[in-house]
Amino acid sequence: MGSSTATSTVTEIVLPGKVEPDGLQVTTRDLPAPAAGQVVLRMEATGVSFAEQQMRRGKYFDQPPFPFVPGYDVVGIVITTGPGVDPALIGRRFAAITKVGGWAGALVLDAADLVPVPDGVAPAAAETVVVNGLTAWQMLHRKAAVQPGGIIVVLGANGGVGSTLVQLARHSGITVIGTASPRHHAALREQGVTPIDYRDPEMYRRIREFAPDGVDAVFDHVGGPGIVESWRLLRRGGTLISYGSAATKNVDGNAKLPVLKMFPRLMLWNYLPNGKSAQFYNLWDGQRRIEAFRRRQCEDLTQVLRLLVDGALTPQIAAEFPLSQAGSALELAESRTVAGKVVIVPDPSRS
């Protein structure tokens with residue numbers, strides 16, 4: 001019933017080592033049949049996250065050893081089910097967070113990691129909110145728990161996570177101050193955001209002018225020395241959510257060091273008697289209790305996908321590239337010239 005032992009040939013993009021984007025390799029291999037509890041998902045859309053930009057430099061916190069297939073998340077159709085999986089899943093569209101492996105024509109996944117994509121949501125649209133939407137939702141609602149009427153600062157408000165965070169916050173009646181380069185300011189203003197130039201040496205002072213009493217939360221993916229300034233923006237009871245160290249992206253050395261250096265500082269701040277809190281957000285926290293982890297991921301991503309259906313979230317597709325041009329997709333994403341998500345789709349069929 002829907003299961004099969006036959007292998008099929010699949011195209012994959014391999015990251016062979018620390019290479020420039022044009023050093024990615026297009027390869028093919030036999031895809032094994034799914035084991036018990038697994039499915040084969042035919043990729044309809046995957047994308048470029050900040051994680052892949054770090055991985056190609058060997059800078060992502062817990063990336064696998066080279067060579068490997070990148071691809072943090074994927075949207076696709078189940079084409080085969082393994083033993084113990086309901087064959088009724090075949091032909092249905094799902095999203096999944098994979099961390100690696102998404103840049104492939106098809107991939108084997110645990111059925112328990114699949115989240116249904118609602119009817120009427122196009123694969124590329126769904127792809128824009130899988131890792132970005134889940135990250136933004138959990139940081140805003142689970143970690144910082146910002147209430148309607150609150151005020152937040154989003155660093156990189158035009159980025160993949162940042163632009164989703166902005167939309168979720170505005171939908172919840174939260175005031176947003178967002179940093180971005182000036183070319184994105186008009187679009188941010190249209191969404192009701194107060195934009196600040198991230199290159200302005202007086203950036204933090206400018207933010208304080210708009211929020212003299214402090215803010216309820218700061219979402220900081222930059223890390224580095226600036227994180228001290230982010231902490232100072234908070235009012236009593238406010239929360240700093242750190243979720244990356246983009247400032248150290250091009251610094252050589254141990255990939256884990258910038259993040260590990262940040263932990264003691266965040267912990268120390270939490271002990272200060274001012275009611276403020278500092279947290280590091282990691283999408284994979286809680287995996288040791290895998291069932292609760294999967295339930296939470298599914299609940300939150302389902303909420304985000306529903307907002308897409310309702311029109312409360314607008315998919316921000318920066319560009320679409322066929323799988324075989326993943327290197328160009330990565331290059332564009334790293335150029336910092338686009339707003340939203342660079343999406344990778346299957347190559348046109350040669351038949």
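Modeller: In this predicted model, two strands are said to pair if DSSP finds at least two bridges between them.

Biologist: What makes β12 and β13 a pair?

Modeller: The requirement is at least two bridges, and β12 and β13 are joined by four bridges in the parallel sense; therefore they count as paired. Within this pairing, T239 stands opposite S277 in β13. The strand β13 covers residues 277-280, and β12 covers residues 234-242.

Biologist: Why is the link between the side chains of S277 and T239 called a polar contact?

Modeller: The cut-off for a pair of N or O atoms is within 3.5 Å. The side chains of S277 and T239 are joined at 3.4 Å, so the pair qualifies as a polar contact. Beyond its neighbours within four places in sequence, S277 is in contact with W231, L234, G238, T239, L240 and N270.

Biologist: What makes β10 and β13 the edges of the sheet?

Modeller: The open sheet consists of six strands in the order β10-β9-β8-β11-β12-β13, with parallel pairing. Each of β10 (194-197) and β13 has a single partner strand, so one side of each lacks a neighbour in the sheet. From one strand to the next, the twist averages 15°. Helix α4 (residues 160-171) lies across β8 (151-154), β9 (175-180) and β11, and runs at about 165° to β9.

Biologist: Why is the meeting of the D216 and R235 side chains called a salt bridge?

Modeller: The limit between the side-chain nitrogen and the carboxyl oxygen is 4 Å. The closest N and O atoms of D216 and R235 are 2.5 Å apart, so the pair is a salt bridge. This pair links distant parts of the chain, with D216 in strand β11 (residues 215-220) and R235 in strand β12, 19 residues apart.

Biologist: How do you know whether D216 is buried or exposed?

Modeller: Buried means under 20% relative accessible area. D216 has 15%, and therefore counts as buried. R235, at 32%, lies between the limits of 20% and 50%, so R235 is partly exposed.

Biologist: What makes the contact between R294 and D110 a salt bridge?

Modeller: The N to O distance between their side chains is 3.2 Å, within the 4 Å limit, and therefore the pair counts. R294 in helix α9 (residues 290-310) and D110 in strand β6 (residues 106-110) are 184 residues apart, so the pair links distant parts of the chain. R294 has a relative accessible area of 23% and is partly exposed; D110 is also partly exposed, at 31%. The search of the whole structure finds 19 salt bridges.

Biologist: How do you know whether V121 is buried or exposed?

Modeller: V121 has a relative accessibility of 6%, which is under 20%, so V121 counts as buried. V121 is located in the loop between β7 (115-116) and α2 (123-128). Not counting residues up to four places away in sequence, V121 touches R93, A126, L308 and V309.

Conventions:
Residues are numbered from 1 along each chain as its sequence is written. This is a predicted model: local features need pLDDT of at least 70, side-chain atom pairs count only at pLDDT 80 or more; totals for chains, interfaces and linings use all residues. Side-chain values use heavy atoms; hydrogens and water are left out. Helices (H or I, at least four residues) and strands (E, at least two) are DSSP runs, numbered from the N terminus. Buried means under 20% relative accessible area, exposed over 50%, partly exposed in between (1.4 Å probe, protein chains only). A polar contact is a pair of N or O atoms within 3.5 Å; within protein, one must be able to donate a hydrogen and the other to accept it, and residues adjacent in sequence count only if both atoms are side-chain atoms. Contact means heavy atoms within 4.5 Å. Axes are lines fitted to C-alpha atoms, for helices over the stretch in contact, and angles run from 0 to 180 degrees between N-to-C directions.
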